[in-house]
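Please examine the structure shown below. The paragraphs after it follow the charged pairs and the packing of the helices.

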Amino acid sequence: MPIHDRIALRGAPGSPYTRKMLAVLRYRRIPYRFLVGGLGPADETLPRPKVELLPTFYFENEAEEGGIEAVVDSTPIIRRLEEEALGRSVIPTDPALAFINYLIEDYADEWLTKPMFHYRWYYDDDIRLAGEILPRWRNLAGSDEAIAPMSEFVRERQIGRLYVVGSNDTTAPVIEASYRRFLTVLDNCIVGGPFLFGARPSSADFGLYGQLTQLAAFDPTPARIAEAVAPRVLAWVQSVDDLSGLEPQEDDWIDRASVPTSLTGLLAEAGRTYVPALLANARAIDTGAEQVEAEIDGQHWVQPPFPYQAKCLQWVRQGYARLTGDDRAAAEKILAGTGCEALF
């Protein structure tokens with residue numbers, strides 16, 4: 001169904017997935033209406049999604065004349081937009097590269113959110129700033145007295161949810177080391193890119209960007225690390241924020257036969273951290289275990305099972321299964337030696 005009007009979406013500046021999708025919409029020149037934080041009086045009739053996540057998109061419901069449906073989950077929304085708004089695609093046309101792009105986007109959404117959430121709610125400077133700023137997006141004119149209890153509520157609630165992403169005293173060294181390595185690997189990709197798959201951005205680029213809008217550009221501790229380790233990454237984040245002026249060409253995508261070592265380096269980082277976490281999570285869910293236990297990067301990892309990431313593993317495997325012939329051979333060649341092949 002083609003898009004006939006501006007898409008409405010609800011989100012917040014501190015949501016990496018909101019920032020991811022806003023950047024996709026700007027790059028693709030898809031008109032949108034952004035509802036910051038909550039719904040205004042004119043939007044009170046908009047439906048609520050089954051699961052309250054940001055961003056929430058409001059699409060026309062084909063099954064109901066004049067109806068609206070609330071949709072969440074950035075990765076499938078991007079694929080839906082590819083069908084409903086043609087041109088300026090963020091999915092590589094080569095099926096093998098499209099699969100690699102999907103895998104990296106999943107790494108961005110599901111692993112990099114661990115350092116993002118960890119740094120924000122693990123260190124005092126970051127806790128203080130986030131507690132002060134996040135509640136104000138819903139109430140910019142609110143007095144300090146009005147904001148104070150909201151700030152305390154946000155801090156207590158989010159610190160209490162660190163376990164969800166696996167952030168704890170045991171896993172903190174793994175998370176923080178992976179973030180530093182990721183910055184170096186992405187820096188190498190930008191030098192040869194400036195995007196992961198050539199001279200035009202993919203959905204994986206926007207996935208990485210979304211997490212980095214917080215890690216490199218908002219939260220004090222990871223931002224200082226980014227500035228010291230890879231200042232180019234911060235410049236990249238600022239540039240990717242609005243790529244509406246970029247005029248992509250089809251031959252801006254890299255060729256499957258000449259994938260740069262910087263990209264395989266990023267896949268190797270995913271294979272070093274995200275892959276063992278995914279597999280251990282799936283084992284815990286399959287066996288009904290109360291804890292995910294794994295060795296990641298030579299260190300102990302423990303966290304509660306996360307059912308959604310078991311679905312992520314299924315979806316990645318389904319994408320791999322859909323590859324046939326030369327396309328699967330090309331993808332396997334790119335993944336060889338990265339550790340990601342253990343998924344299949």
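In helix α2 (residues 74-84) of this predicted model, Arg 80 and Glu 84 stand four residues apart, and therefore about one helical turn separates them. An α-helix has 3.6 residues a turn, so residues three or four places apart point the same way. The two side chains form a salt bridge, in which the closest N and O atoms are 2.9 Å apart. Glu 84 has a relative accessibility of 12% and counts as buried, because the cut-off for that class is under 20%.

A salt bridge can also join two helices. Glu 132 pairs in this way with Arg 155, with 3.5 Å between the closest N and O atoms. Glu 132 belongs to helix α5 (residues 124-133) and Arg 155 to helix α6 (residues 144-159), so the pair ties together parts that are 23 residues apart in sequence. The two partners fall into separate accessibility classes: Glu 132, at 30% relative accessibility, is partly exposed, whereas Arg 155, at 15%, is buried.

The next pair involves a helix and a loop. Asp 327 and Arg 256 meet through their side chains in a salt bridge, at 2.5 Å from N to O. Asp 327 lies in helix α14 (residues 325-335), while Arg 256 is found in the loop between α11 (231-240) and α12 (261-287); the pair therefore ties together parts that are 71 residues apart in sequence. Asp 327 is partly exposed, its relative accessible area being 21%, and Arg 256 is likewise partly exposed at 25% relative accessibility. The loop between α11 and α12 also holds Asp 255, which is partly exposed with a relative accessible area of 46%. From Asp 255 to Asn 61 the separation is 194 residues in sequence and 38 Å in space, taken from C-alpha to C-alpha.

Two packed helices are described by the angle between their axes and the distance between the axes. For helix α3 (residues 95-110) and α14, the angle is about 45 degrees and the axes are 8 Å apart. That angle makes α3 oblique to α14, and α3 passes α14 in a right-handed crossing. On the α3 side, the residues in contact are Pro 95, Ala 96, Leu 97, Phe 99, Ile 100 and Leu 103. They meet Asp 327, Ala 330, Ala 331, Ile 334 and Leu 335 in α14.

Salt bridges can also be linked to one another. Lys 20, Arg 79, Glu 105 and Asp 109 are linked in such a network. A search of the whole structure finds 23 salt bridges. Side chains of opposite charge can pair when their charged atoms come close.

Eleven of the 13 residues of α1 are buried, so that the helix is mostly covered. After α1 comes Arg 29, which has a positive phi, near 60 degrees.

Terms used: Residues numbered from 1 in each chain as written. Predicted model: local features only at pLDDT ≥ 70, side-chain atom pairs only at ≥ 80, totals over all residues. Heavy atoms only, no water. Salt bridge = Lys/Arg side-chain N within 4 Å of Asp/Glu carboxyl O. Buried < 20%, exposed > 50% of the residue type's maximum accessible area, 1.4 Å probe, protein only. Axes fitted to C-alpha atoms, helices over the stretch in contact; angles between N-to-C directions. Parallel < 35°, antiparallel > 145°, perpendicular 65-115°, else oblique. Left-handed = near helix turned anticlockwise from the far one by under 90°. Contact = heavy atoms within 4.5 Å.
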